[in-house]
Amino acid sequence: MNTSDFSIRHIGIDEDNIQTILKEIKANSVQELIEQTIPAKILGQKEPELPKPVSEYDMVLLSKELASKNKIYNSYIGFGYFGTVLPAPVQRNIFENPGWYTAYTPYQAEVSQGRLEALVNFQTMISDLTGFPLTNASLLDEGTAASEAVHMLYEARPKAQNEATKFFISEEVYPQTIAVVQTKALGLGIEIVVGRHQDFSFDKSFFGALVQYPAKHGEIFDYSDFISQAKTLGIKVVIAADILSLTVLTPPAELGADVALGSTQRFGIPLGYGGPSAAYFACGEEYKRHIPGRIIGISKDKHGNRALRMSLQTREQHIKRERATSNICTSQVLLAVMAGMYAVYHGAEGLRSIASDIHLKAILLKEHLTSIGFNVSQEPFFDTVKIYLSEEEKEEIKTLFETFYINLNYFSEGILSISLDETVSDERFALILSLFIRYKNTEFKKLDAPIEFSIPENLIRKSDFLTHEVFKKYRTETEFMRYVKGLERKDLALNYSMISLGSCTMKLNASTEMLPLSWIEWNSIHPFVPQEQAEGYLQMIHELEGYLAEITGFAGTSLQPNSGAQGEYSGLMVIREYLKAKGEGHRNIALIPQSAHGTNPASAAIAGLKVVVVKNLENGEFDLEDLKQKAELHKDNLAAVMITYPSTYGFFDTNIKEIIDLIHSCGGQVYMDGANMNAQVAYTSPGYIGADVCHLNLHKTFAIPHGGGGPGIGPICVAEHLVPFLPTVKAPLREKDRLTFSSSPYGSALVANISYAYIRMLGYKGLKKVTAAAILNANYLKEKLASYYQILYANKQGRVAHELIVDFRPFKPLGIEVGDVAKRLMDYGFHAPTVSFPVPGTLMIEPTESESLAELNRFAESLISIKKEIDEVAKGEYSIEDCVLKNAPHTLEEVTSDTWEHAYSRKKAAYPLDWILERKFWASVGKIDDAYGDRNLICTCNSIEQP
């Protein structure tokens with residue numbers, strides 16, 4: 001055993017297992033299986049130029065070497081990013097805990113109650129601080145949240161405002177936010193007007209406006225008159241608010257705003273060179289059918305107990321497709337959980353104390369700077385001191401402060417600003433002040449008057465917040481630790497058992513890959529520091545971009561999109577800009593197969609494209625004849641085709657080359673969705689196949705954990721002709737005529753470390769083994785289950801790629817639904833595979849390469865056992881009303897109750913197979929009443945006494 005070979009730690013099956021699997025699936029070798037799975041015409045690409053693999057120990061040393069190239073400064077730059085103090089109990093018990101970071105989006109709510117409760121805490125925190133009753137469970141970052149608000153308000157316009165297509169943005173909004181919104185507006189046909197809100201006059205051509213609170217350089221503006229003027233014309237107002245400032249400032253809802261949004265990065269989330277961190281979004285209940293992202297709501301289970309779930313999912317893109325008002329498929333759950341726990345740990349008093357300390361230090365700094373002769377803004381502010389200076393003076397101060405490893409904000413002409421944060425100790429404050437005194441060549445002057453709060457009376461917060469007991473009970477570390485552990489125990493994550501979600505690639509997130517995220521050299525870098533301070537980041541990012549380009553067979557990569565859906569949208573916008581530059585901006589048709597994930601048509605619509613659906617044949621392949629007809633019909637306006645490859649039906653279409661050649665002959669571009677890239681890597685690639693652009697999910701194929709629903713990175717890789725149209729990386733200002741998709745130049749840069757380490761430790765040969773193992777495991781499960789269930793799709797050789805679809809529709813006449821099987825799997829200790837996608841009434845199973853043969857067998861045995869339970873109903877041994885499937889999952893409370901009224905035994909309910917005795921997982925609630933939760937939408941824990 002070569003202990004320095006990372007692949008043997010990452011891949012769950014060894015050589016003996018491989019021989020067992022080959023025998024089961026009747027293949028003579030791994031290579032024969034690959035040749036039977038991947039069409040010959042797309043095999044044989046040249047070996048990508050990747051570095052030789054390194055051991056885990058050497059990877060840690062390499063990460064340390066790269067980290068040493070990042071210079072640790074105290075950055076008081078602000079512009080939406082601040083130094084924070086991540087409480088150690090949050091870091092150790094959540095951020096570094098696989099029980100939290102390896103969980104999936106909580107579609108299976110009965111085994112997700114822990115993080116659902118943590119997200120309700122987050123939503124309650126946001127609702128309390130903003131004053132709005134409806135909040136979601138986070139968005140990607142502040143810029144994308146603002147763009148989502150613009151889109152939501154645009155789609156929610158009353159009929160009387162159908163002609164209103166303009167949206168106003170104050171010039172006091174963060175520049176990166178303006179850039180992201182401007183890009184989003186291109187596809188939606190919205191005109192963005194940037195100007196001074198202080199003297200702007202609306203007319204009926206506007207439908208909305210966005211202001212910053214406090215403004216980008218710190219001023220606290222009273223927006224009451226601005227909002228009143230907008231309201232007289234029915235124009236909606238969005239306030240982007242600093243979340244910490246809302247502990248002392250009047251909430252946006254009380255100011256009359258319609259939407260509040262912003263970042264929760266200030267609540268203990270490391271800077272990480274710009275991400276990841278969780279944005280928030282809050283509004284009135286009139287937008288509950290339009291609000292983007294996930295809403296966690298309170299419902300009840302079959303026993304009448306309080307239970308949590310994702311609410312109003314029918315508004316989401318996988319249902320509404322191109323009619324959805326958002327393409328958001330994931331969010332920033334892990335970061336939202338951390339931010340919410342920051343509030344749980346500190347409570348209202350702690351947050352007020354932190355905010356007050358920052359504000360009073362900022363007032364003190366302002367008074368001292370004024371006393372020594374600086375021209376300091378006299379506008380009210382929260383944490384940011386604004387000084388008027390010449391560019392020459394700014395450069396001199398910059399040189400002085402950088403000598404002492406301090407960054408200030410020099411981005412605006414004639415202005416220098418200093419944004420203080422909770423990391424500013426008395427010693428750090430004294431150093432900042434002493435440097436300004438040195439610059440003025442003067443002496444310290446004691447102030448005549450004591451320092452007091454300096455916020456206008458009408459803008460001081462009067463309302464209470466965080467009054468629920470959860471924000472009061474866990475102030476000691478012992479109690480907090482036990483609370484977090486109690487929540488963790490309610491959730492089924494990868495640290496317990498396989499999560500075989502099709503098209504989600506729930507693979508190992510190795511500890512060595514995760515370690516650097518906690519190092520100060522990586523997580524303390526502000527995204528807008530000078531490049532020479534982030535050389536380690538830039539080297540890692542540029543090398544990773546190069547590796548991904550090599551793996552995909554393309555010429556360029558952008559890591560900026562911070563989710564898969566954002567990657568889809570970004571790729572299509574790049575195509576759009578390319579066609580426009582060619583003088584073919586009229587091309588606006590996107591051909592999308594009916595099997596596509598709902599984010600595909602949603603992303604196409606947001607990019608300004610019209611969706612034309614292409615049929616799939618009964619065997620799952622692209623209907624080439626239908627495609628030919630529609631491509632020919634729309635050839636003059638064809639922009640792109642969107643293809644997931646291998647398809648969402650779980651196999652490689654053999655006609656892929658013909659599809660690509662057809663689209664190119666009609667003047668269109670080929671976008672390849674990389675959701676299933678785990679079946680391609682090192683054997684073929686989108687570029688080799690002939691595509692023009694693809695997005696990847698680094699949180700699938702390249703080992704970034706799902707975090708319970710985020711973070712993620714959705715980079716796009718493009719062919720040579722599209723490279724000039726990749727998004728800007730200049731921060732924080734937008735480069736003219738360049739696209740911007742995220743608030744920070746490199747999106748969720750911190751977690752890019754994970755994929756970088758994954759590739760460096762595996763190398764080309766390791767990556768090839770990974771792909772082979774994923775295909776082996778999927779075909780093994782196919783053969784194990786084929787005698788009991790109908791496997792819907794396979795290629796002509798009878799092979800699937802990395803996932804398979806099992807059909808449960810034949811059992812519907814018995815009254816058994818696929819959802820019943822999903823819930824029953826919980827009793828066996830497994831999270832259900834993907835339910836009813838891409839085919840209703842089915843399970844899509846993707847075991848990944850990381851699972852052992854023993855775990856694959858346990859999963860297969862569970863489904864085989866469930867088939868026997870179905871047969872028992874078919875034979876009349878148990879009624880459909882009182883069978884284990886309809887009553888699943890069975891909770892500990894139910895099984896240990898004094899009364900047991902079922903026809904089947906307690907053992908059958910809880911321990912249907914002997915090995916479950918050794919690793920029993922209990923769902924903490926029974927089957928949840930989804931309809932009740934949607935009819936009675938409650939998304940904060942203030943109503944805890946309600947069911």
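Two residues are in contact when they have heavy atoms within 4.5 Å of each other. Keep that in mind as you look around this structure, which is a predicted model.

- Q566 sits in helix α20, which covers residues 564-581.
- Is Q566 buried or exposed? Buried means under 20% relative accessible area, so at 5% relative accessibility Q566 counts as buried.
- D5 is in the segment that comes before α1 (7-10).
- With 24% relative accessibility, D5 counts as partly exposed, because that class lies between the 20% and 50% cut-offs.
- D5 and G766 are 761 residues apart in sequence, yet their C-alpha atoms are 8.8 Å apart in space.

**The sheet that holds β7**

- Seven strands make up an open sheet here, and their order is β2-β8-β7-β6-β5-β3-β4, with mixed pairing.
- Which strands stand at the edges? They are β2 (134-135) and β4 (191-195); each has a single partner strand, so one side of each has no neighbour in the sheet.
- Helix α8 (residues 142-155) packs on this sheet and touches β3 (166-170), β5 (206-213), β6, β7 and β8 (279-283). The direction of α8 makes about 160 degrees with that of β7.
- Helix α9 (residues 175-188) lies across β3, β4 and β5, and it runs at about 155 degrees to β4.

**A close-up of β7**

- Strand β6 (residues 236-241) pairs with strand β7 (residues 259-263) in the parallel sense, over three bridges.
- β7 and β8 run antiparallel and are joined by five bridges. Here G262 stands opposite Y280 in β8.
- In a regular strand, side chains alternate between the two faces of the sheet.
- In β7, V259, L261 and S263 point one way and A260 and G262 point the other way; all are buried.
- Why is β7 described as largely enclosed by the rest of the structure? Because five of its five residues are buried.

**The sheet that holds β15**

- This is an open sheet of seven strands with mixed pairing, and the order is β15-β21-β20-β19-β18-β16-β17.
- The edge strands are β15 (556-558) and β17 (610-614); each has a single partner strand, so one side of each is left without a neighbour in the sheet.
- On average, neighbouring strands of this sheet are turned by 25 degrees against each other, if you ignore direction.
- β15 pairs with strand β21 (residues 716-718) in the antiparallel sense, over three bridges. One of the partner pairs is T557 with C717 in β21.
- α20, the helix where Q566 lies, packs on this sheet and touches β18, β19 (669-674), β20 (693-696) and β21. Its direction makes about 170 degrees with that of β19.
- Helix α22 (residues 624-633) also packs on the sheet, touching β16 (589-593) and β17. The direction of α22 makes about 150 degrees with that of β17.

- Rolling a probe the size of a water molecule over the atoms shows where empty space is left.
- The second largest pocket has a volume of about 420 Å³. It is lined by 22 residues, and the closest to its centre are G83, T84, T423, I520 and S524.
- β1 (74-75), α5 (88-95) and α18 (520-523) each give at least two residues to the lining of that pocket.
- What kinds of residues line the second largest pocket? There are ten nonpolar, ten polar and two charged ones.
- As for cavities, the count of those with 30 Å³ or more comes to twelve.
- The largest cavity holds about 90 Å³ of space. Among its 15 lining residues, P593, S595, F622, T644 and S647 are the closest to its centre.
- β18 (638-644) and α23 (656-665) are the elements that give two or more residues to the lining of the largest cavity.
- By class, the lining of the largest cavity has seven nonpolar, six polar and two charged residues.

Technical notes:
Residues are numbered from 1 along each chain as its sequence is written. This is a predicted model: local features need pLDDT of at least 70, side-chain atom pairs count only at pLDDT 80 or more; totals for chains, interfaces and linings use all residues. Side-chain values use heavy atoms; hydrogens and water are left out. On a 1 Å grid over the protein atoms alone, a cavity is a set of points where a 1.4 Å probe fits but cannot get out, and a pocket is an open set with protein on both sides within 12 Å along at least five of seven lines; lining residues have an atom within 4 Å of a point. Grid points are joined across faces, edges and corners, and a volume is the space filled by probe spheres set on the points. Helices (H or I, at least four residues) and strands (E, at least two) are DSSP runs, numbered from the N terminus. Ala, Val, Leu, Ile, Met, Phe, Trp, Tyr, Cys and Pro count as nonpolar, Asp, Glu, Lys and Arg as charged, and the others, Gly among them, as polar. Two strands pair if DSSP finds at least two bridges between them. Axes are lines fitted to C-alpha atoms, for helices over the stretch in contact, and angles run from 0 to 180 degrees between N-to-C directions. Buried means under 20% relative accessible area, exposed over 50%, partly exposed in between (1.4 Å probe, protein chains only).
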